[in-house]
Amino acid sequence: MDVIQIVVIGLIATVLIVVVKTQRPELALLLSVAAGIILFLLVLGKIGSIIDIVRDLADRAGIGSIYLGTILKIIGIAYIAEFGAQICRDAGEGAVATKIEFASKILIMVLAVPIVVAVLDALLKLVP
Amino acid sequence: MGSSIDLIFKIAGVGILVAVLNSILKTAGKEEQGHIVTLAGLVIVFMWVIELLAKLFDQVKTVFRLF
């Protein structure tokens, strides 16, 4: 049922964007941003429940919650950066989009470094 | 989630209204007012979109426990 709602919202928004784009391109861009946000808000609740299930499984399996937390953060950063970069690319600003993506890669690297260090420590312990 | 689709119609409505007003003002010879109307429409739509963006980022923060 939800998928029909999502497709309908997407189609209506696209048609309206094309209508508005001829006269007011900036408003068309804002309309596409709003449509993107609305579509994602619809499924955000489901993503939240999936993440809770994964968290429960991780706790049961005994995986450190630090690692799962970092992975979730990285997914969140990646999503927001991709959201912004795609909007900038739609508006024709490829340079700004690549800057956003570059900055978000650095942020993800910063988050990933502790895990890499932990893995290396574990490996070094194995080597006699 | 009917409220979400309303926002899309509102923004499109503002866009079309601004376009029509501009053409009317152009024929009436008041080109400057046309630009002001465009600016006003843009500010209104910006307020809505920024409010929506704030809502999105808050929910993403809670879901992904970002901060």
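Reply: A polar atom of the side chain of Ser104(A) lies 2.7 Å from the backbone oxygen of Glu101(A). A polar contact is a pair of N or O atoms within 3.5 Å; within protein, one must be able to donate a hydrogen and the other to accept it, and residues adjacent in sequence count only if both atoms are side-chain atoms. This is a predicted model, in which local features need pLDDT of at least 70 and side-chain atom pairs count only at pLDDT 80 or more, while totals for chains, interfaces and linings use all residues. Residues are numbered from 1 along each chain as its sequence is written, chains are lettered from A and ligands numbered from 1 in the order in which they are written, and side-chain values use heavy atoms, with hydrogens and water left out.

Ser104(A) belongs to helix α4 of chain A, which covers residues 94–126. Helices (H or I, at least four residues) and strands (E, at least two) are DSSP runs, numbered from the N terminus. With a relative accessible area of 9%, Ser104(A) is buried. Buried means under 20% relative accessible area, exposed over 50%, and partly exposed in between, with a 1.4 Å probe and protein chains only. When residues up to four places away in sequence are not counted, Ser104(A) touches Ile77(A) and Ala81(A). Contact means heavy atoms within 4.5 Å.

Asp121(A) also sits in helix α4 of chain A. Its relative accessible area is 39%, so Asp121(A) is partly exposed.

Ala58(A) is placed in helix α2, residues 25–61, and is buried at a relative accessible area of 7%. Its contacts, leaving aside neighbours within four places in sequence, are with Ile63(A) and Leu68(A). Ala58(A) and Ala13(A) are 45 residues apart in sequence, and their C-alpha atoms are 39 Å apart in space.

Ile12(A) is in helix α1 of chain A, residues 2–23. Its relative accessibility is 25%, so Ile12(A) counts as partly exposed. C-alpha to C-alpha, Ile12(A) is 45 Å from Gly64(A), and the two are 52 residues apart in sequence.

Now chain A as a whole. Chain A has four helices and zero strands. The radius of gyration of chain A is 20 Å, well over the 14 Å that the globule rule gives for 128 residues, so chain A is more spread out than a compact globule. That radius is taken over C-alpha atoms, and the globule rule is 2.2 Å times the number of residues to the power 0.38. The C-alpha trace of chain A spans about 70 × 40 × 15 Å along its principal axes.

Of the 128 residues in chain A, 30% are buried. Among its contacts between residues at least 6 apart in sequence, 52% join residues at least 24 apart. Chain A has an accessible surface of about 7800 Å², and carbon and sulfur atoms account for 76% of it. Accessible areas come from the Shrake-Rupley method with a 1.4 Å probe; for residues, only the protein chains shown count as cover.

Chain A carries 10 positive and 10 negative charges, whose mean positions are 3 Å apart. Lys and Arg count as positive and Asp and Glu as negative, while His and the chain ends are not counted. The place of a charge is NZ of Lys, CZ of Arg, CG of Asp or CD of Glu.

Chain B has two helices and zero strands. Its radius of gyration is 17 Å, well over the 11 Å from the globule rule for 67 residues, so chain B is more spread out than a compact globule. The C-alpha trace of chain B spans about 55 × 25 × 10 Å along its principal axes.

Buried residues are 34% of the 67 in chain B. The chain exposes about 4100 Å², with 72% of it from carbon and sulfur atoms. Chain B has 6 positive and 5 negative side chains, and the centres of the two sets are 6 Å apart.

Ser23(B) is found in helix α1 of chain B, residues 2–27, and is partly exposed at 37% relative accessibility. The C-alpha atoms of Ser23(B) and Phe57(B) are separated by 37 Å, the two residues being 34 apart along the chain.
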